[in-house]
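Welcome! Take a moment to look over the model below, and then let us walk through a few of its helix contacts together.

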Amino acid sequence: MEVSTDKPNKIKINRPPKSAYFLLVGIFAISYAVIYIAIILRVHFLSGGSENTAMSETAANLIFAFALLMLLVALYLYIAFSRNELLFTLKVPAALMTVFTIVITANIFVAYLNPYAMLVSLTALLLLPYTKRRDAFAFNVFACLISSFTLIDNKTNMFAVVSFTIISGALSGAISVYAFPSSLTRMMSVLRAFVTVVSAVAMYAVFLSVYSFDVRPLQENFLYIGVSAAAQMLLAIFIEPIIESAFNITTDFKLVELTNHKAPLIHRLIVEAPGTFNHSLAVANFAEICASAIGENPFFARACAYYHDVGKLNNAMYFTENQAGYNPHDELLPEVSAEIIRQHTEDGYALCMENRIPEEIARVAIEHHGTLPITYFYNKAKSLTDSEVDMNEYRYHGDTPRGKIAAIIMICDSAEAAIRAMDNPDGERVDKLLKNMIDERLRLGQFDNCAITVQELNAVRAAIVGAYGGLFHKRIKYDNAARKDSAHV
Ligand SMILES: [Fe+2]
Ligand SMILES: [Fe+2]
(Lines give C-alpha, C1' and ligand atoms only; values in the text may rest on other atoms or scores of the structure.)
(Ligands and ions follow the chains in the order given, each with its own letter.)
Protein backbone atom coordinates (compact mmCIF):
# COMPACT_ATOMS: atom_id res chain seq x y z
CA MET A 1 0.00 0.00 0.00
CA GLU A 2 1.56 3.31 -1.15
CA VAL A 3 1.05 6.22 1.13
CA SER A 4 1.98 9.75 0.21
CA THR A 5 4.27 11.48 2.68
CA ASP A 6 4.91 14.47 0.46
CA LYS A 7 4.28 17.97 1.64
CA PRO A 8 0.60 18.72 2.04
CA ASN A 9 -1.03 21.09 -0.45
CA LYS A 10 -2.06 23.55 2.17
CA ILE A 11 1.26 25.40 2.65
CA LYS A 12 0.75 29.12 2.25
CA ILE A 13 3.36 31.68 1.34
CA ASN A 14 3.91 33.70 4.43
CA ARG A 15 3.90 37.32 3.34
CA PRO A 16 1.75 40.15 4.59
CA PRO A 17 -1.30 40.74 2.36
CA LYS A 18 -0.94 43.54 -0.19
CA SER A 19 -3.80 45.38 1.49
CA ALA A 20 -1.58 45.76 4.60
CA TYR A 21 0.85 47.95 2.62
CA PHE A 22 -2.03 50.21 1.51
CA LEU A 23 -3.42 50.36 5.03
CA LEU A 24 0.05 51.33 6.24
CA VAL A 25 0.05 54.16 3.68
CA GLY A 26 -3.26 55.26 5.21
CA ILE A 27 -1.75 55.26 8.72
CA PHE A 28 1.20 57.33 7.47
CA ALA A 29 -1.12 59.73 5.64
CA ILE A 30 -3.06 60.40 8.84
CA SER A 31 0.21 60.92 10.69
CA TYR A 32 1.42 63.28 7.97
CA ALA A 33 -1.80 65.30 8.07
CA VAL A 34 -1.80 65.65 11.86
CA ILE A 35 1.86 66.69 12.06
CA TYR A 36 1.58 69.08 9.12
CA ILE A 37 -1.51 70.79 10.52
CA ALA A 38 0.28 71.19 13.85
CA ILE A 39 3.27 72.73 12.04
CA ILE A 40 1.06 75.17 10.10
CA LEU A 41 -0.81 76.17 13.25
CA ARG A 42 2.43 76.79 15.07
CA VAL A 43 4.01 78.75 12.22
CA HIS A 44 0.88 80.84 11.81
CA PHE A 45 -0.20 81.49 15.37
CA LEU A 46 2.76 80.95 17.62
CA SER A 47 5.96 81.62 15.74
CA GLY A 48 5.30 85.25 14.92
CA GLY A 49 3.43 84.63 11.69
CA SER A 50 2.43 88.26 11.75
CA GLU A 51 6.10 89.26 11.76
CA ASN A 52 6.82 87.21 8.69
CA THR A 53 5.77 88.16 5.21
CA ALA A 54 3.06 86.05 3.61
CA MET A 55 5.66 84.73 1.21
CA SER A 56 8.06 83.55 3.89
CA GLU A 57 5.29 81.78 5.77
CA THR A 58 4.17 79.99 2.60
CA ALA A 59 7.75 79.13 1.75
CA ALA A 60 8.30 77.78 5.27
CA ASN A 61 5.15 75.65 5.01
CA LEU A 62 6.27 74.23 1.66
CA ILE A 63 9.71 73.37 3.01
CA PHE A 64 8.12 71.69 6.04
CA ALA A 65 5.67 69.79 3.82
CA PHE A 66 8.44 68.47 1.61
CA ALA A 67 10.87 67.59 4.41
CA LEU A 68 8.12 65.89 6.40
CA LEU A 69 7.06 63.90 3.34
CA MET A 70 10.62 62.73 2.67
CA LEU A 71 11.19 61.65 6.27
CA LEU A 72 7.88 59.79 6.47
CA VAL A 73 8.55 58.06 3.13
CA ALA A 74 11.91 56.90 4.53
CA LEU A 75 10.19 55.60 7.65
CA TYR A 76 7.50 53.85 5.56
CA LEU A 77 10.15 52.11 3.46
CA TYR A 78 11.92 51.01 6.65
CA ILE A 79 8.76 49.32 7.95
CA ALA A 80 7.54 47.98 4.60
CA PHE A 81 10.85 46.38 3.61
CA SER A 82 12.87 45.86 6.75
CA ARG A 83 10.08 45.05 9.23
CA ASN A 84 7.31 43.68 7.08
CA GLU A 85 6.48 41.01 9.68
CA LEU A 86 4.80 43.84 11.58
CA LEU A 87 2.24 44.14 8.78
CA PHE A 88 0.39 40.93 9.60
CA THR A 89 -1.79 42.61 12.20
CA LEU A 90 -0.90 46.33 11.75
CA LYS A 91 -1.57 46.98 15.42
CA VAL A 92 2.12 47.49 16.19
CA PRO A 93 2.71 49.90 13.25
CA ALA A 94 -0.48 51.72 14.26
CA ALA A 95 0.79 52.00 17.85
CA LEU A 96 4.26 53.09 16.68
CA MET A 97 2.83 55.81 14.45
CA THR A 98 0.36 56.95 17.11
CA VAL A 99 3.15 57.43 19.66
CA PHE A 100 5.38 59.00 17.01
CA THR A 101 2.70 61.47 15.89
CA ILE A 102 1.65 62.43 19.41
CA VAL A 103 5.24 63.07 20.52
CA ILE A 104 6.07 65.21 17.44
CA THR A 105 2.81 67.17 17.74
CA ALA A 106 3.51 67.77 21.41
CA ASN A 107 7.06 68.85 20.56
CA ILE A 108 5.85 71.34 17.99
CA PHE A 109 3.95 73.20 20.71
CA VAL A 110 6.38 72.52 23.57
CA ALA A 111 9.09 74.15 21.44
CA TYR A 112 7.11 77.37 21.62
CA LEU A 113 7.57 77.41 25.39
CA ASN A 114 11.25 76.57 25.12
CA PRO A 115 12.92 74.49 22.40
CA TYR A 116 15.12 72.79 24.99
CA ALA A 117 12.03 71.38 26.67
CA MET A 118 11.24 69.14 23.70
CA LEU A 119 10.54 65.49 24.48
CA VAL A 120 13.66 64.06 22.88
CA SER A 121 13.60 60.60 24.49
CA LEU A 122 9.89 59.94 24.95
CA THR A 123 9.42 58.10 21.64
CA ALA A 124 12.13 55.58 22.49
CA LEU A 125 10.88 55.13 26.07
CA LEU A 126 7.32 54.48 24.89
CA LEU A 127 8.14 52.24 21.95
CA LEU A 128 10.76 49.99 23.48
CA PRO A 129 8.29 47.74 25.35
CA TYR A 130 6.33 47.03 22.13
CA THR A 131 8.93 46.54 19.49
CA LYS A 132 12.55 45.77 18.64
CA ARG A 133 15.36 48.00 19.84
CA ARG A 134 16.24 49.25 16.37
CA ASP A 135 12.62 50.32 15.73
CA ALA A 136 12.54 52.31 18.97
CA PHE A 137 15.87 53.92 18.12
CA ALA A 138 14.92 54.69 14.50
CA PHE A 139 11.54 56.18 15.44
CA ASN A 140 13.13 58.29 18.18
CA VAL A 141 15.73 59.71 15.78
CA PHE A 142 13.07 60.44 13.14
CA ALA A 143 10.83 62.08 15.76
CA CYS A 144 13.73 64.31 16.84
CA LEU A 145 14.61 65.15 13.22
CA ILE A 146 11.06 66.19 12.40
CA SER A 147 10.64 68.04 15.69
CA SER A 148 13.92 69.88 15.15
CA PHE A 149 13.26 71.09 11.64
CA THR A 150 10.11 72.78 12.85
CA LEU A 151 12.49 75.01 14.82
CA ILE A 152 13.97 76.45 11.64
CA ASP A 153 11.93 79.61 11.98
CA ASN A 154 13.04 79.98 15.59
CA LYS A 155 14.85 83.28 15.93
CA THR A 156 17.45 82.54 18.58
CA ASN A 157 20.44 80.26 18.22
CA MET A 158 18.64 78.12 15.71
CA PHE A 159 21.64 75.99 14.84
CA ALA A 160 22.44 75.28 18.49
CA VAL A 161 18.86 74.30 19.30
CA VAL A 162 18.37 72.14 16.21
CA SER A 163 21.64 70.30 16.65
CA PHE A 164 20.96 69.88 20.37
CA THR A 165 17.56 68.32 19.64
CA ILE A 166 18.92 65.88 17.08
CA ILE A 167 22.08 64.87 18.94
CA SER A 168 20.52 64.62 22.41
CA GLY A 169 17.59 62.69 20.90
CA ALA A 170 19.95 60.22 19.20
CA LEU A 171 22.12 59.90 22.31
CA SER A 172 19.38 59.52 24.90
CA GLY A 173 17.46 57.26 22.51
CA ALA A 174 20.52 55.06 22.09
CA ILE A 175 21.07 54.90 25.85
CA SER A 176 17.46 53.96 26.59
CA VAL A 177 17.38 51.39 23.81
CA TYR A 178 20.80 49.76 23.96
CA ALA A 179 22.17 50.30 27.48
CA PHE A 180 19.56 48.22 29.29
CA PRO A 181 18.51 44.59 28.96
CA SER A 182 15.38 44.08 26.88
CA SER A 183 13.51 42.40 29.73
CA LEU A 184 13.14 44.77 32.63
CA THR A 185 11.51 44.81 36.02
CA ARG A 186 9.24 47.78 36.64
CA MET A 187 11.94 49.33 38.86
CA MET A 188 14.56 48.91 36.13
CA SER A 189 12.25 50.57 33.61
CA VAL A 190 11.97 53.59 35.95
CA LEU A 191 15.77 53.61 36.23
CA ARG A 192 16.07 53.44 32.45
CA ALA A 193 13.76 56.41 32.06
CA PHE A 194 15.80 58.31 34.66
CA VAL A 195 19.19 57.59 33.04
CA THR A 196 17.80 58.39 29.60
CA VAL A 197 16.53 61.81 30.50
CA VAL A 198 19.58 62.65 32.62
CA SER A 199 21.68 62.02 29.52
CA ALA A 200 19.75 64.82 27.76
CA VAL A 201 20.63 67.20 30.61
CA ALA A 202 24.27 66.14 30.41
CA MET A 203 24.20 66.74 26.65
CA TYR A 204 23.03 70.31 27.27
CA ALA A 205 26.00 70.88 29.57
CA VAL A 206 28.28 69.74 26.73
CA PHE A 207 26.50 72.10 24.34
CA LEU A 208 27.00 74.98 26.74
CA SER A 209 30.73 74.46 26.65
CA VAL A 210 30.67 74.39 22.83
CA TYR A 211 28.18 77.21 22.22
CA SER A 212 29.40 79.67 24.82
CA PHE A 213 27.18 82.43 23.35
CA ASP A 214 24.17 80.56 24.69
CA VAL A 215 25.11 81.12 28.32
CA ARG A 216 22.66 83.95 28.98
CA PRO A 217 19.48 81.82 29.35
CA LEU A 218 21.51 79.10 31.04
CA GLN A 219 19.44 78.65 34.17
CA GLU A 220 16.15 78.89 32.34
CA ASN A 221 17.19 76.27 29.78
CA PHE A 222 18.44 73.91 32.47
CA LEU A 223 15.14 74.31 34.24
CA TYR A 224 13.19 73.45 31.10
CA ILE A 225 15.38 70.45 30.32
CA GLY A 226 15.00 69.20 33.90
CA VAL A 227 11.22 69.61 33.90
CA SER A 228 11.00 67.99 30.47
CA ALA A 229 13.15 65.09 31.70
CA ALA A 230 10.90 64.46 34.69
CA ALA A 231 7.78 64.83 32.53
CA GLN A 232 9.09 62.28 30.02
CA MET A 233 9.75 59.77 32.79
CA LEU A 234 6.25 60.17 34.17
CA LEU A 235 4.58 60.23 30.75
CA ALA A 236 6.38 57.03 29.73
CA ILE A 237 5.21 55.27 32.90
CA PHE A 238 1.60 56.44 32.59
CA ILE A 239 1.10 56.28 28.82
CA GLU A 240 2.70 52.85 28.32
CA PRO A 241 -0.18 50.80 29.79
CA ILE A 242 -2.71 52.93 27.90
CA ILE A 243 -1.05 52.19 24.54
CA GLU A 244 -0.68 48.52 25.56
CA SER A 245 -4.37 48.25 26.31
CA ALA A 246 -5.66 50.42 23.43
CA PHE A 247 -3.82 48.36 20.80
CA ASN A 248 -3.86 45.03 22.71
CA ILE A 249 -0.09 44.91 22.40
CA THR A 250 2.09 42.35 24.09
CA THR A 251 4.72 43.73 26.45
CA ASP A 252 6.85 41.70 28.85
CA PHE A 253 4.66 42.90 31.72
CA LYS A 254 1.56 41.72 29.90
CA LEU A 255 3.21 38.37 29.12
CA VAL A 256 3.98 37.85 32.79
CA GLU A 257 0.34 38.64 33.64
CA LEU A 258 -0.83 36.14 31.01
CA THR A 259 1.23 33.35 32.58
CA ASN A 260 -0.13 33.98 36.05
CA HIS A 261 -1.87 30.80 37.17
CA LYS A 262 -4.93 32.85 38.06
CA ALA A 263 -5.31 34.13 34.46
CA PRO A 264 -8.77 32.84 33.40
CA LEU A 265 -7.78 30.30 30.71
CA ILE A 266 -4.79 29.04 32.67
CA HIS A 267 -6.97 28.59 35.74
CA ARG A 268 -9.45 26.62 33.63
CA LEU A 269 -6.59 24.39 32.40
CA ILE A 270 -5.51 23.69 35.98
CA VAL A 271 -9.05 22.74 37.03
CA GLU A 272 -10.48 21.10 33.90
CA ALA A 273 -7.42 19.65 32.16
CA PRO A 274 -4.62 19.25 34.73
CA GLY A 275 -2.68 16.86 32.51
CA THR A 276 -2.63 19.40 29.69
CA PHE A 277 -1.59 22.11 32.17
CA ASN A 278 1.40 20.03 33.34
CA HIS A 279 2.35 19.31 29.74
CA SER A 280 2.13 23.04 28.93
CA LEU A 281 4.36 23.87 31.91
CA ALA A 282 6.99 21.39 30.72
CA VAL A 283 6.80 22.78 27.15
CA ALA A 284 7.12 26.29 28.59
CA ASN A 285 10.32 25.36 30.46
CA PHE A 286 11.89 24.00 27.28
CA ALA A 287 10.58 26.83 25.08
CA GLU A 288 11.95 29.53 27.40
CA ILE A 289 15.45 28.03 27.27
CA CYS A 290 15.27 27.57 23.49
CA ALA A 291 14.07 31.15 22.93
CA SER A 292 16.96 32.52 24.98
CA ALA A 293 19.38 30.32 23.02
CA ILE A 294 18.45 32.00 19.71
CA GLY A 295 17.93 35.56 21.01
CA GLU A 296 14.12 35.50 21.01
CA ASN A 297 11.92 36.73 23.85
CA PRO A 298 11.70 34.03 26.57
CA PHE A 299 8.60 35.65 28.12
CA PHE A 300 6.80 35.39 24.82
CA ALA A 301 7.89 31.76 24.39
CA ARG A 302 6.60 30.91 27.87
CA ALA A 303 3.24 32.57 27.24
CA CYS A 304 2.83 30.81 23.88
CA ALA A 305 3.57 27.46 25.55
CA TYR A 306 0.99 28.11 28.28
CA TYR A 307 -1.71 28.79 25.70
CA HIS A 308 -0.74 26.44 22.86
CA ASP A 309 -3.12 23.64 23.94
CA VAL A 310 -5.97 25.57 25.59
CA GLY A 311 -8.23 24.28 22.80
CA LYS A 312 -8.13 20.91 24.56
CA LEU A 313 -10.46 22.43 27.18
CA ASN A 314 -13.38 21.78 24.82
CA ASN A 315 -12.73 18.01 24.83
CA ALA A 316 -10.28 17.51 27.69
CA MET A 317 -11.00 13.81 28.27
CA TYR A 318 -10.15 12.91 24.67
CA PHE A 319 -6.48 13.74 25.28
CA THR A 320 -4.25 11.08 26.84
CA GLU A 321 -2.67 13.34 29.46
CA ASN A 322 -6.09 13.97 31.05
CA GLN A 323 -7.29 10.36 31.01
CA ALA A 324 -7.29 8.13 34.05
CA GLY A 325 -7.76 4.67 32.55
CA TYR A 326 -10.77 5.13 30.27
CA ASN A 327 -10.00 6.20 26.69
CA PRO A 328 -13.09 7.33 24.72
CA HIS A 329 -11.21 6.87 21.44
CA ASP A 330 -11.49 3.09 21.94
CA GLU A 331 -15.15 3.46 20.93
CA LEU A 332 -14.62 5.83 18.00
CA LEU A 333 -13.65 5.44 14.37
CA PRO A 334 -10.11 6.75 13.73
CA GLU A 335 -11.34 9.51 11.41
CA VAL A 336 -13.69 10.77 14.13
CA SER A 337 -10.88 10.64 16.68
CA ALA A 338 -8.56 12.52 14.31
CA GLU A 339 -11.19 15.21 13.83
CA ILE A 340 -11.59 15.68 17.60
CA ILE A 341 -7.82 15.83 18.11
CA ARG A 342 -7.14 18.27 15.27
CA GLN A 343 -9.97 20.53 16.39
CA HIS A 344 -7.98 21.61 19.47
CA THR A 345 -5.83 23.91 17.35
CA GLU A 346 -8.74 25.94 15.97
CA ASP A 347 -10.61 25.80 19.29
CA GLY A 348 -7.47 27.11 20.99
CA TYR A 349 -7.30 30.07 18.63
CA ALA A 350 -11.00 30.84 19.15
CA LEU A 351 -10.75 30.55 22.96
CA CYS A 352 -7.70 32.83 23.02
CA MET A 353 -9.43 35.45 20.91
CA GLU A 354 -12.58 35.28 23.06
CA ASN A 355 -10.41 35.91 26.11
CA ARG A 356 -8.54 38.80 24.47
CA ILE A 357 -5.24 36.93 24.42
CA PRO A 358 -2.95 38.75 21.93
CA GLU A 359 -3.32 37.37 18.43
CA GLU A 360 0.35 36.47 18.06
CA ILE A 361 -0.06 34.06 20.99
CA ALA A 362 -3.41 32.75 19.72
CA ARG A 363 -1.84 31.98 16.34
CA VAL A 364 0.62 29.60 17.99
CA ALA A 365 -2.38 27.46 18.99
CA ILE A 366 -3.16 27.04 15.26
CA GLU A 367 0.45 26.72 14.13
CA HIS A 368 2.01 24.41 16.73
CA HIS A 369 1.03 21.23 14.86
CA GLY A 370 1.33 22.88 11.44
CA THR A 371 0.07 20.42 8.84
CA LEU A 372 1.67 17.36 10.45
CA PRO A 373 -0.13 14.02 10.28
CA ILE A 374 -1.79 12.55 13.37
CA THR A 375 0.14 9.34 12.94
CA TYR A 376 -1.47 7.36 15.76
CA PHE A 377 -4.95 7.49 14.20
CA TYR A 378 -3.57 7.24 10.66
CA ASN A 379 -1.89 3.96 11.65
CA LYS A 380 -5.05 2.84 13.44
CA ALA A 381 -7.08 3.54 10.27
CA LYS A 382 -4.56 1.55 8.20
CA SER A 383 -4.83 -1.38 10.60
CA LEU A 384 -8.62 -1.45 10.20
CA THR A 385 -8.79 -1.55 6.40
CA ASP A 386 -7.16 -3.15 3.42
CA SER A 387 -7.86 -0.20 1.17
CA GLU A 388 -5.62 2.83 0.84
CA VAL A 389 -5.79 5.48 3.56
CA ASP A 390 -5.12 9.04 2.51
CA MET A 391 -2.67 10.61 4.96
CA ASN A 392 -3.91 14.08 4.08
CA GLU A 393 -7.18 13.21 5.83
CA TYR A 394 -5.21 12.67 9.02
CA ARG A 395 -3.30 15.95 8.95
CA TYR A 396 -3.79 18.98 11.11
CA HIS A 397 -5.45 21.81 9.23
CA GLY A 398 -3.39 24.55 10.77
CA ASP A 399 -1.02 26.98 9.18
CA THR A 400 2.64 26.14 9.56
CA PRO A 401 4.70 28.20 12.06
CA ARG A 402 5.35 31.67 10.83
CA GLY A 403 7.39 32.98 13.74
CA LYS A 404 10.47 31.47 15.33
CA ILE A 405 8.66 31.04 18.63
CA ALA A 406 5.88 29.04 16.96
CA ALA A 407 8.59 26.80 15.46
CA ILE A 408 10.16 26.41 18.90
CA ILE A 409 6.79 25.47 20.43
CA MET A 410 6.25 22.90 17.67
CA ILE A 411 9.61 21.28 18.45
CA CYS A 412 9.32 21.50 22.26
CA ASP A 413 5.74 20.17 22.18
CA SER A 414 6.80 16.97 20.41
CA ALA A 415 10.13 16.75 22.27
CA GLU A 416 8.45 16.95 25.67
CA ALA A 417 6.18 14.00 24.92
CA ALA A 418 8.87 11.94 23.19
CA ILE A 419 11.55 12.41 25.87
CA ARG A 420 9.03 11.69 28.62
CA ALA A 421 8.16 8.43 26.85
CA MET A 422 11.83 7.31 26.70
CA ASP A 423 12.81 4.68 29.24
CA ASN A 424 16.37 5.75 29.90
CA PRO A 425 17.02 8.98 28.06
CA ASP A 426 20.67 9.97 27.67
CA GLY A 427 22.19 12.93 25.86
CA GLU A 428 23.09 10.98 22.74
CA ARG A 429 19.66 9.37 22.34
CA VAL A 430 17.81 12.61 23.04
CA ASP A 431 19.99 14.43 20.51
CA LYS A 432 19.33 11.78 17.88
CA LEU A 433 15.59 11.87 18.56
CA LEU A 434 15.51 15.65 18.22
CA LYS A 435 17.58 15.59 15.04
CA ASN A 436 15.19 13.12 13.43
CA MET A 437 12.20 15.10 14.62
CA ILE A 438 13.51 18.41 13.25
CA ASP A 439 14.66 16.82 9.98
CA GLU A 440 11.21 15.30 9.49
CA ARG A 441 9.51 18.66 10.06
CA LEU A 442 11.89 20.33 7.62
CA ARG A 443 11.15 17.61 5.05
CA LEU A 444 7.42 18.08 5.53
CA GLY A 445 7.76 21.82 4.93
CA GLN A 446 6.70 22.81 8.43
CA PHE A 447 9.29 25.61 8.64
CA ASP A 448 8.88 26.85 5.04
CA ASN A 449 6.98 29.95 6.17
CA CYS A 450 9.28 30.73 9.06
CA ALA A 451 12.55 32.66 9.10
CA ILE A 452 14.22 30.20 11.50
CA THR A 453 17.65 29.12 10.22
CA VAL A 454 19.35 25.73 10.35
CA GLN A 455 21.87 27.19 12.83
CA GLU A 456 19.01 28.27 15.06
CA LEU A 457 17.38 24.85 14.82
CA ASN A 458 20.70 23.34 15.88
CA ALA A 459 20.86 25.79 18.80
CA VAL A 460 17.32 24.81 19.81
CA ARG A 461 18.29 21.14 19.70
CA ALA A 462 21.42 21.77 21.79
CA ALA A 463 19.37 23.79 24.30
CA ILE A 464 16.88 20.94 24.78
CA VAL A 465 19.65 18.35 25.09
CA GLY A 466 21.33 20.54 27.70
CA ALA A 467 18.11 21.06 29.65
CA TYR A 468 16.18 17.80 29.58
CA GLY A 469 18.18 16.27 32.44
CA GLY A 470 17.30 19.07 34.82
CA LEU A 471 13.67 19.22 33.71
CA PHE A 472 13.01 15.47 33.66
CA HIS A 473 15.11 14.24 36.55
CA LYS A 474 14.02 10.93 37.96
CA ARG A 475 13.27 10.49 41.63
CA ILE A 476 15.03 7.80 43.62
CA LYS A 477 12.67 5.00 44.62
CA TYR A 478 12.89 4.76 48.38
CA ASP A 479 12.33 1.44 50.05
CA ASN A 480 10.87 1.40 53.53
CA ALA A 481 14.26 1.20 55.24
CA ALA A 482 15.64 4.12 53.29
CA ARG A 483 12.52 6.13 54.04
CA LYS A 484 12.90 5.31 57.70
CA ASP A 485 16.57 6.34 57.67
CA SER A 486 15.88 9.50 55.79
CA ALA A 487 13.37 10.54 58.43
CA HIS A 488 16.26 10.82 60.90
CA VAL A 489 18.49 12.93 58.66
FE1 LIG B 1 -1.40 20.49 20.64
FE1 LIG C 1 1.00 20.33 23.29
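Which hand does the crossing of α14 and α16 have? The crossing of these two helices is right-handed. Keep in mind while you explore that this is a predicted model.

## The protein as a whole

Let us step back for a moment. The protein has 19 helices and 0 strands. Of its 489 residues, 41% are buried.

Sequence separation is also worth a look. Taking the contacts between residues at least 6 apart in sequence, 76% join residues at least 24 apart.

## Helix α14 against α16

Back to the pair from the opening question. Helix α14 covers residues 359–367, and it packs against α16 at an angle of about 40°, with the two axes 10 Å apart. Because of that angle, α14 counts as oblique to α16.

On the α14 side, the contact involves Arg363, Val364 and Glu367, which meet Ile405, Ala406 and Ile409 of α16. By class, 4 of these residues are nonpolar, none are polar and 2 are charged.

## Helix α11 against α16

Now find helix α11, at residues 274–293, and helix α16, at residues 404–421: their axes come within 9 Å and cross at roughly 130°. The two helices are therefore oblique to each other. Here α11 passes α16 in a right-handed crossing.

Which residues of α11 meet α16? They are His279, Ala282, Val283, Phe286, Ala287, Cys290 and Ala291. Their partners in α16 are Ile405, Ile408, Ile409, Cys412, Asp413, Ala415 and Glu416. This contact of α11 with α16 has 11 nonpolar residues, 1 polar residue and 2 charged residues.

## Helix α12 against α16

The last stop is helix α12, residues 298–307. Its axis and that of α16 come within 10 Å, crossing at roughly 55°. That angle makes α12 oblique to α16, and α12 passes α16 in a right-handed crossing.

From α12, the contact is made by Phe300, Ala301, Cys304 and Ala305, and from α16 by Ile405, Ile408, Ile409 and Cys412. How many nonpolar residues does the contact of α12 with α16 have? There are 8, with no polar and no charged residues.

## Residues to look for on α16

Conventions:
Residues are numbered from 1 along each chain as its sequence is written. Chains are lettered from A and ligands numbered from 1 in the order in which they are written. This is a predicted model: local features need pLDDT of at least 70, side-chain atom pairs count only at pLDDT 80 or more; totals for chains, interfaces and linings use all residues. Axes are lines fitted to C-alpha atoms, for helices over the stretch in contact, and angles run from 0 to 180 degrees between N-to-C directions. Helices (H or I, at least four residues) and strands (E, at least two) are DSSP runs, numbered from the N terminus. Angles under 35 degrees count as roughly parallel, over 145 as roughly antiparallel, 65 to 115 as roughly perpendicular and the rest as oblique. A crossing is left-handed if the near helix is turned anticlockwise from the far one by less than a right angle, and right-handed if clockwise. Two residues are in contact if their C-beta atoms, placed from the backbone, lie within 7 Å. Ala, Val, Leu, Ile, Met, Phe, Trp, Tyr, Cys and Pro count as nonpolar, Asp, Glu, Lys and Arg as charged, and the others, Gly among them, as polar. A residue is buried if 20 or more other C-beta atoms lie within 10 Å of its own, exposed if 12 or fewer, and partly exposed in between; C-beta atoms are placed from the backbone.
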